[in-house]
Amino acid sequence: MVIGLLELELRIPEAQSLKDKRAVVRSLRDRIRNRFNVSVAEVDGGDAHQHGLLGVAHVSNEQKFSNQVLSQIVNLVENERNVELVDYRLSFL
């Protein structure tokens, strides 16, 4: 069993309040969860209205497959117009 972990450091430049940020993060989180069948949660940056950290977990029987799925998620976030991907970290257990 392989567990792929992805941390996505996000910047939401157009968010003027926590409510704006939550709407953008919730929409992105739900799209990732529904499209890729992974677990997603905002794990840090809850009080900052333009920054956030999403954690993504994917369980698979092959590291190669997990890496492909998590890489597709990075690509999706990079192409998102409301969010800037500041940095990401990928690891496997």
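Which residue stands opposite A57 in β3, seen from S39's side of the pairing? In this predicted model, the residue that stands opposite A57 of β3 is S39. A57 also has L5 standing opposite it, and the sheet to which these pairs belong is described first.

The sheet is open and consists of 4 strands in the order β2-β3-β1-β4, with antiparallel pairing. Because β2 and β4, the latter formed by residues 84-92, each have a single partner strand, they stand at the edges, and one side of each is left without a neighbour in the sheet. Direction being ignored, neighbouring strands are turned against each other by 20° on average. In general, the strands of a sheet pair through backbone hydrogen bonds, in either a parallel or an antiparallel sense. Here, β1 and β3 are paired in the antiparallel sense over 10 bridges, and β2 and β3 are likewise antiparallel, over 5 bridges. Within the pairing that involves β3, G52 is the bridge partner of L10. Of the 10 residues of β3, 7 are buried, so this strand is largely enclosed by the rest of the structure.

Helix α1 lies across β1, β2 and β3, and runs at about 150° to β2, whereas α2 lies across β1, β3 and β4, and runs at about 10° to β1.

Helix α1 comprises the 19 residues 18-36, which at 1.5 Å a residue should span 27 Å; the C-alpha atoms at its ends are 26 Å apart, in agreement with that expectation. The residues of α1 that are buried are K21, V24, V25, L28, I32 and F36. These residues cover an arc of only 95° around the axis, which means that they are on the same side of α1. The covering of this buried side includes β1 (2-11), β2 (39-44), β3 (51-60) and α2 (63-78). On the face of α1 that is turned away from the buried side, the exposed residues K19 and N34 are found.

Just after α1 comes N37, which takes a positive phi of about 55°. Most residues other than glycine have a negative phi. N37 has its positive value although it is not a glycine, and its place is in the loop between α1 and β2. With a relative accessibility of 70%, which is over the 50% required, N37 counts as exposed.

For helix α2, the 16 residues should span 22 Å at 1.5 Å a residue, and the distance of 22 Å between its end C-alpha atoms agrees with this. Its buried residues are S66, V69, L70, I73, V74, L76 and V77. Seen down the axis of α2, they fall within an arc of 160°, so they line one face of the helix. Among the elements that cover these buried residues are β1, α1, β3 and β4. One of the buried residues, S66, has a relative accessible area of 0%.

In soluble globular proteins, nonpolar side chains tend to be buried together. The largest nonpolar core of this model has 21 residues, and those with the most contacts inside it are L8, L28, I32, V38, V56, I73 and V77. Two or more residues are given to this core by each of β1, α1, β3 and α2, with α2 giving the most, namely 6 residues. I73, which is among the buried residues of α2, touches L6, L8, I32, F36, V38 and V56 when residues up to four places away in sequence are not counted.

Note on methods. Residues are numbered from 1 along each chain as its sequence is written. This is a predicted model: local features need pLDDT of at least 70, side-chain atom pairs count only at pLDDT 80 or more; totals for chains, interfaces and linings use all residues. Side-chain values use heavy atoms; hydrogens and water are left out. The expected span of a helix is 1.5 Å times one less than its number of residues. Buried means under 20% relative accessible area, exposed over 50%, partly exposed in between (1.4 Å probe, protein chains only). The arc is that of the directions from the helix axis to the C-beta atoms. Contact means heavy atoms within 4.5 Å. A nonpolar core is a set of buried Ala, Val, Leu, Ile, Met, Phe, Trp, Tyr and Cys residues joined through side-chain atoms within 4.5 Å. Two strands pair if DSSP finds at least two bridges between them. Axes are lines fitted to C-alpha atoms, for helices over the stretch in contact, and angles run from 0 to 180 degrees between N-to-C directions.
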